[in-house]
Protein chains: 2
Amino acid sequence: MNGRNIVASEFVAGNEANLRAINPATGLLLDGDFVKASETAVNDALMAATIAFKNYRVLHKDKKAAFLNAIADEITNIGEVLVSRASAESGLPLARLQGELGRTTGQLRLFANLVAEGSWVDAVIDTAMPERQPLPRPDIRKMLVPIGPVVVFGASNFPLAFSVAGGDTASALASGCPVIVKAHPAHYGTSALVGEAIVKAVEKTGMPKGVFSLLFDDGYSIGSALVLHPQTKAVTFTGSYHGGMALVKLAQERKQPIPVFVEMGSINPIVLLPNAIKNKAEELAKKYAASITLGAGQFCTNPGLMLAISSAELETFKQVLTDEISKVPSATMLTEGIAKNYAKLSTEITAEDGVELIAASAVKNESLQNQSEARIAYVDAAKFIQNPKLHEEIFGPYSLLVVSKDIAELKKVIAVLEGQLTVTIMADSNELQQYQSLVHQLTDKTGRIILNGVPTGVEVCAAMQHGGPFPATNDSRFTSVGSSAIYRFVRPLAYQDWEQELLPDELKDDNPFGIFRMVNQLLTKDI
Amino acid sequence: MNGRNIVASEFVAGNEANLRAINPATGLLLDGDFVKASETAVNDALMAATIAFKNYRVLHKDKKAAFLNAIADEITNIGEVLVSRASAESGLPLARLQGELGRTTGQLRLFANLVAEGSWVDAVIDTAMPERQPLPRPDIRKMLVPIGPVVVFGASNFPLAFSVAGGDTASALASGCPVIVKAHPAHYGTSALVGEAIVKAVEKTGMPKGVFSLLFDDGYSIGSALVLHPQTKAVTFTGSYHGGMALVKLAQERKQPIPVFVEMGSINPIVLLPNAIKNKAEELAKKYAASITLGAGQFCTNPGLMLAISSAELETFKQVLTDEISKVPSATMLTEGIAKNYAKLSTEITAEDGVELIAASAVKNESLQNQSEARIAYVDAAKFIQNPKLHEEIFGPYSLLVVSKDIAELKKVIAVLEGQLTVTIMADSNELQQYQSLVHQLTDKTGRIILNGVPTGVEVCAAMQHGGPFPATNDSRFTSVGSSAIYRFVRPLAYQDWEQELLPDELKDDNPFGIFRMVNQLLTKDI
């Protein structure tokens with residue numbers, strides 16, 4: 001494993017190897033020395049990316065697809081070594097990371113297919129009308145083109161799928177933008193291994209070297225320099241509210257505004273309507289106990305809030321939830337910082353007015369460090385509405401059950417909720433019809449609305465929306481999961497009265513790529 | 001003409017009528033008393049818009065289309081009264097405003113058609129795979145939904161097409177967002193007339209009243225309050241760099257980030273390649289003399305920069321340009337402020353090192369005020385590259401001819417250019433092939449690239465891109481002209497495992513609207 005920074009697909013020499021990775025389960029240092037990047041490396045990476053962009057942005061779509069597939073191949077080649085390193089660095093179980101590896105390569109191949117198919121560029125052609133009165137209409141054709149170098153911040157909770165070669169990198173590279181990754185300090189080794197895989201893919205497919213750089217840092221200076229660099233054209237980040245908003249504020253200091261995409265998580269309310277609780281209190285309690293504690297609750301779609309209406313059956317739900325949660329063994333959290341923060345917040349919250357701890361894990365693994373204890377708290381609706389502190393995310397296996405007297409009070413609870421990545425409604429069909437205004441109220445608060453399911457498990461597909469109204473994300477118009485993630489890094493470019501031969505293939509009369517295009521307001525694959 | 005503010009489609013009483021419109025050609029006050037809006041009106045408008053949004057966002061598409069068509073009808077009904085008032089307030093000729101009226105109603109009808117057809121919502125459906133291993137795939141369906149109340153700033157240079165019922169308002173209403181317009185102080189009367197037309201359309205088509213408000217102000221306080229109001233979900237503005245960036249900065253003070261679209265114009269370079277000048281120096285000079293002086297040069301796509309290579313034929317071009325410009329009569333500018341600023345900047349620029357005035361209008365209408373004199377300046381490439389002041393827009397009938405020694409120097413000139421709304425290349429086919437790297441260099445700087453044409457005249461169509469890299473706009477990913485302008489005001493919303501009956505029509509299995517949808521990765525109108 002090479003712990004040096006990668007600038008323009010080359011390992012850069014110099015600087016002291018002064019960063020080490022820690023196993024959060026043991027607190028021990030892991031193998032490997034990693035180099036804290038310099039500001040020179042930031043500038044070199046951005047300048048190389050700017051030069052590479054000139055060629056990469058006009059590269060044939062099949063070559064870009066081959067590059068993405070090659071990254072997936074190289075990552076697959078590391079296989080078990082990568083999974084075990086990621087597990088050692090994150091405390092996440094091997095099986096989970098095997099799944100995440102599959103998701104990561106799947107994402108890369110999904111974007112390869114999207115790019116190879118080609119219709120994603122949204123080509124629109126309005127042909128000339130030389131005879132039009134009073135003025136002739138010119139020939140205008142537009143398509144999406146990449147915006148330039150993208151800075152990707154690796155996320156702590158997905159060391160593979162949202163890090164060096166994760167969804168942000170895959171979608172940015174697919175769009176035609178070079179990528180500079182700032183590795184997450186919680187998994188240097190995983191980052192280095194994936195970085196090497198990308199370097200190999202760059203070599204094997206003959207990409208311009210500046211398309212990829214990877215920088216290490218244990219503080220904020222490199223990240224800040226990346227966001228502020230004039231050649232940076234977009235930034236992506238998945239993490240906490242405070243981290244995300246710090247980046248948004250930092251980017252506001254730039255002379256040139258750029259798109260910044262920060263996904264800050266949310267509390268993902270579950271709305272339990274009366275009949276759902278009446279008919280399947282026990283089933284629901286089991287389902288949510290599992291969803292709340294999945295991956296030690298370290299998902300941005302973790303259900304941190306359950307909204308219900310008081311009833312006899314709700315007591316059954318509470319009882320089963322308490323029993324189930326007590327049986328969930330403690331789990332290693334991603335970092336010492338996250339574990340401490342979780343322990344602090346999930347304890348302190350029970351000191352808030354009217355908040356009562358109703359369930360807690362009773363199975364603690366004493367031999368491991370940074371263990372999370374699952375906790376469920378309870379509060380009545382009136383107290384919840386009054387106390388904004390209760391509306392904030394607690395990252396980990398925690399959820400708050402808020403009980404209203406009736407639907408009217410439930411609506412008041414919903415009214416004070418902020419924007420969410422997901423909202424889930426548990427209901428039978430009659431209820432949904434009956435409470436349509438409540439459903440509309442909920443859709444205005446979220447990017448994805450789920451019926452009778454769990455919010456954890458974010459399907460990577462074309463229809464996925466992972467991004468919601470503020471503060472779930474800073475820009476609800478985009479998604480960071482699924483094929484639409486590519487649209488974060490492109491802008492339309494229109495060609496007026498351009499020569500056929502010099503048009504991009506996507507816009508030529510004879511449609512050489514056979515893609516869908518909007519031609520004179522008709523969507524067609526024809527000429 | 002009613003000069004009161006319109007809040008939620010009603011004329012609000014109270015406050016002193018203390019604003020008057022001025023005829024820039026005469027400096028005289030025009031008929032009509034207009035009321036400076038209060039901060040209370042701002043809050044009332046936003047709260048009404050928020051309430052109206054609940055119903056308007058889920059209104060059947062045909063009703064929204066009928067509303068947009070009704071606005072077009074009502075504006076057409078005012079007809080000559082509106083055109084003559086707009087002319088009196090703006091100094092623009094009647095014929096130009098008749099054309100602009102047609103463009104305005106055309107835009108409204110274009111969006112009505114877009115909404116009625118329905119495919120613009122980009123519906124994507126990935127159906128369930130209950131048997132998939134290791135985990136079943138849920139049913140996920142997404143479509144674009146409106147984001148909420150939009151604040152539109154009327155523009156000075158298009159009193160109809162970019163003002164109260166202009167492209168911003170039309171696209172926002174089409175998307176399902178209520179609109180609050182801040183009238184431009186240069187045309188209160190035009191704004192009031194169009195506002196009345198929208199109020200009539202709201203009544204006739206039974207829209208929720210909060211979908212439209214119109215506020216007057218001669219300063220910045222109402223605009224600022226609108227941008228800062230927590231219920232405002234997007235802002236659009238077309239105007240100067242300083243005005244646009246002030247709004248961007250103001251919006252950054254908000255707790256909740258929102259999309260702000262400012263179109264700040266550009267200098268729209270014309271690149272005159274050698275053969276083009278060699279073969280048609282005279283024709284080109286005449287073409288650009290006309291484009292530079294069209295509408296007193298008060299277009300965001302006005303060609304403010306001509307880049308050429310030294311040659312004998314270029315001397316012909318200069319000579320013909322000088323002759324043509326001298327014949328262009330002076331014209332009334334939009335406001336006294338704009339006229340004074342133009343006179344100041346277009347005079348001061350000739351004091352810059354190496355800048356020489358080579359052409360000026362010699363026909364001045366002494367009987368009218370705020371007259372613009374067309375001016376062309378000359379500078380060599382080296383001096384241009386050194387002096388950033390020469391790269392800035394001078395709003396009015398002004399253009400700067402920058403002459404390079406050769407293609408290499410021309411590329412250096414292009415390298416220092418900032419982002420543009422348009423770039424125009426004059427060339428023959430051989431040249432374009434020969435200078436492909438120069439063409440790529442130019443495409444990275446612009447939202448629209450034109451071959452052998454003029455940038456003025458922005459076609460309203462699906463393929464138009466009116467928005468370019470900073471500082472032309474603050475967000476090159478969007479357009480303010482053409483049907484794609486609707487995408488500024490929407491976000492995707494995904495439904496997971498939702499009941500058929502409760503899905504929006506756009507996402508139901510049987511595709512009741514018969515729209516194009518991406519179903520399991522195939523674009524189809526089928527089920």
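This note goes through a predicted model, from the relation between its two chains to a few local details.

1. Symmetry of the two copies. Chain A is superposed on chain B by a rotation of 180° with 0.0 Å of shift along its axis, and the RMSD is 0.0 Å. The two copies are thus related as by a two-fold rotation axis. Within chain A, the C-alpha nearest that axis belongs to A:Gln252, which lies 3.6 Å from it.

2. The interface. Chain A gives 56 residues to the contact and chain B gives 56 residues. On the side of chain A that touches chain B, the elements that give two or more residues are strand 5, strand 6, helix 14 (429-434), helix 15, strand 20 and strand 21 of chain A. Strand 21 of chain A provides the largest share of that side, with seven residues. Because 100% of the interface residues of chain A are also interface residues in chain B, the copies meet through the same surface.

3. Twelve strands form an open sheet with mixed pairing, in the order 23(A)-22(A)-5(A)-6(A)-21(A)-20(B)-19(B)-12(B)-13(B)-18(B)-17(B)-15(B). At its edges stand strand 23 (522-524) of chain A and strand 15 (356-360) of chain B, and each has a single partner strand, so one side of each is left without a neighbour in the sheet. On average, neighbouring strands of this sheet are turned by 20° against each other, direction ignored. Among the pairs in this sheet, strand 5 (residues 124-126) and strand 6 (residues 140-146) of chain A run antiparallel and are joined by three bridges, with A:Arg141 in strand 6 of chain A as the bridge partner of A:Ile125. Helix 15 (residues 436-443) of chain B packs on the sheet, where it touches strand 21 (490-496) of chain A as well as strand 12 (269-272), strand 19 (420-426) and strand 20 (446-451) of chain B, and its direction makes about 140° with that of strand 20 of chain B.

4. Strand 17 (residues 375-380) and strand 18 (residues 398-404) of chain A pair in the parallel sense over six bridges, and A:Ile376 stands opposite A:Ser399 in strand 18 of chain A.

5. Strand 10 of chain A and its partners. Five of the five residues of strand 10 of chain A are buried, so this strand is largely enclosed by the rest of the structure. Both of its faces are covered, with A:Ala234, A:Thr236 and A:Thr238 buried on one side and A:Val235 and A:Phe237 buried on the other. Strand 7 (residues 150-153) of chain A runs parallel to strand 10 of chain A and is joined to it by three bridges, while strand 11 of chain A pairs with strand 10 of chain A in the parallel sense over four bridges. A:Val235 is the bridge partner of A:Val151 and also stands opposite A:Val260 in strand 11 of chain A. From strand 10 of chain A the chain crosses through helix 8 of chain A to strand 11 of chain A, a β-α-β crossover that is right-handed.

6. The two sides of helix 8 of chain A. In this helix (residues 241-251), A:Gly244, A:Leu247 and A:Ala251 are buried. These residues cover an arc of only 60° around the axis, which puts them on the same side of helix 8 of chain A. A:His242 and A:Lys249, on the other side of the helix, are exposed. The cover over the buried residues includes helix 7 (221-228), strand 10 (234-238) and strand 11 (260-263) of chain A.

7. A buried loop residue in chain B. B:Val458 is found in the loop between strand 20 and strand 21 of chain B, and it counts as buried because it has 24 C-beta neighbours inside 10 Å. Leaving aside neighbours within four places in sequence, B:Val458 is in contact with B:Thr301, B:Met464, B:His466 and B:Val481.

Key:
Residues are numbered from 1 along each chain as its sequence is written. Chains are lettered from A and ligands numbered from 1 in the order in which they are written. This is a predicted model: local features need pLDDT of at least 70, side-chain atom pairs count only at pLDDT 80 or more; totals for chains, interfaces and linings use all residues. A residue is buried if 20 or more other C-beta atoms lie within 10 Å of its own, exposed if 12 or fewer, and partly exposed in between; C-beta atoms are placed from the backbone. The arc is that of the directions from the helix axis to the C-beta atoms. Two residues are in contact if their C-beta atoms, placed from the backbone, lie within 7 Å. Copies are superposed by least squares on the C-alpha atoms of residues with pLDDT of at least 70 in both. Two strands pair if DSSP finds at least two bridges between them. A crossover is right-handed if, with the strands pointing away from the viewer, the path from the first strand over the helix to the second runs clockwise. Axes are lines fitted to C-alpha atoms, for helices over the stretch in contact, and angles run from 0 to 180 degrees between N-to-C directions.
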